[in-house]
Amino acid sequence: MTVEEDLLLLIDRIELRHVQLELVRPFETSLGVETHEEHIIVRVDSEGATGWGECVVEPLPAYSPETVATAWHVLTDAIIPSVLGKRFPSVSEALDTWSWVRGHHMAKAGLEAALWDVHATQKQVSLSNLLGGTRTAVDVGVSIGMQESTESMLAEVSTYLQQGYGRIKIKIAPGKDLRYIEAIRQEYPDIALQVDANSAYTLADADIFKAMDNYGLMLIEQPLGYDDIYEHALLQRDLTTPICLDESIHSVGDAHTALTLESCRVINIKPGRVGGFSESIKIHDLCAAQGVPVWHGGMLESGIGRAGNLALASLPNFTLPGDISASRRYFTQDIVDPEFIVSPDGKMTVPTGPGIGVHVLEERLAAVTVHTEEF
Ligand code: OSB
Ligand code: MG
């Protein structure tokens, strides 16, 4: 018997936890203000090994149609029953059992992440290694919420630059765009700067984006409709700045459509949005083959989700800095040890221990849990 066959993945037990984590400061985007994160932490036990995943839903369907309640329902009634108590040669066979479930990508990605972690732990390899990562540290950036004034925005930018972040992203919305970009560029002509509209504009606002071409932005993220691919192509034609799609890309098929239509020149990959690490890797590979850079987005994850994101972002075509910031940029205390930190040269080290490579602080996790269910 080979080592592979010896390490069949048996799914003994699954636990879901609805967690609530206070943010160190409110995060405002064109979608609203978030003061805390509510996610679902997924734990999988397999013959003595434990794996962890984070389902990056929000309480209300603003960024995505999924919510804590829909993910809980779909995990409980559709996805978990398809895998519980079964044995699989690898993670991909487990995924096949829930491929009949349409949509609900965040629900799927949360469980898939826990399966990858438990599998890597059993094999005694790092998640980065198992996913095909090639880097030991990744370049990271920070995503700054909308601010009351350009002065407070400049103060935020200055704080994060001092902490080492090598790339700044600011959230924009109509009325809170060019003034902010102009103010940052005056003070910092050379920093890597990009903006994220979270679909706050329409094609009627094209002139605002044309004006952004004068500021040397790395990219403009999701300016138009959250489900649009076509109109982004019309806008991209008139801009020199690359458009990056976030909300519009749910699969490798969407990525293929967007690249074929030239709707964007960069893609933001979030495992939750596309249904897990496996689909993320397909998008990564498609983009690599076409010379299109990708970067890792963020959903204000706890250390559990962040560890998985970092492992994925260690793949070779994640050539732009990710929205993967230090634990303390989000929370006073993370639920993993060691917490994630950013180095003075803007890098985050990819854990090398088995699985996600960080230890889950079970007491801390219990303290932030509002509801638990075991299967
Ligand atoms: O659009 O990238 C986004 C957070 C929640 C929902 C959508 C987005 C974001 C972020 C946060 O920008 C990035 C991070 O996790 O640091
Ligand atoms: Mg975005």
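Trainee: How far is a polar side-chain atom of N198 from an oxygen atom of ligand 1?
Mentor: 2.8 Å. That is a polar contact, a pair of N or O atoms within 3.5 Å. This is a predicted model, where local features need pLDDT of at least 70, side-chain atom pairs count only at pLDDT 80 or more, and totals for chains, interfaces and linings use all residues. Residues are numbered from 1 along each chain as its sequence is written, chains are lettered from A and ligands numbered from 1 in the order written, and side-chain values use heavy atoms, without hydrogens and water.

Trainee: Which oxygen distances do D196 and D246 give?
Mentor: For D196, a polar side-chain atom lies 2.9 Å from a ligand 1 oxygen. For D246, a side-chain N or O atom is 3.2 Å from one.

Trainee: How much of ligand 1 does the protein bury?
Mentor: 99% of the 390 Å² that ligand 1 exposes alone (Shrake-Rupley, 1.4 Å probe).

Trainee: How many residues surround ligand 1?
Mentor: 16, each with a heavy atom within 4 Å. K171, D196, N198, L300 and Y330 are the closest. The shell has 8 charged, 5 nonpolar and 3 polar residues; Asp, Glu, Lys and Arg count as charged, and Gly as polar.

Trainee: Switching to domains. Why does ligand 1 lie between them?
Mentor: Because domain 1 (9-124 + 361-374) and domain 2 (130-356) both give residues to its shell. The bounds come from an automatic or database assignment.

Trainee: How many residues are in contact across the two domains?
Mentor: 38 of domain 1 with 45 of domain 2, counting heavy atoms within 4.5 Å. The C-alpha centres of the two domains are 23 Å apart.

Note on methods: Polar contact = N/O pair within 3.5 Å; in protein donor to acceptor, adjacent residues only side chain to side chain.
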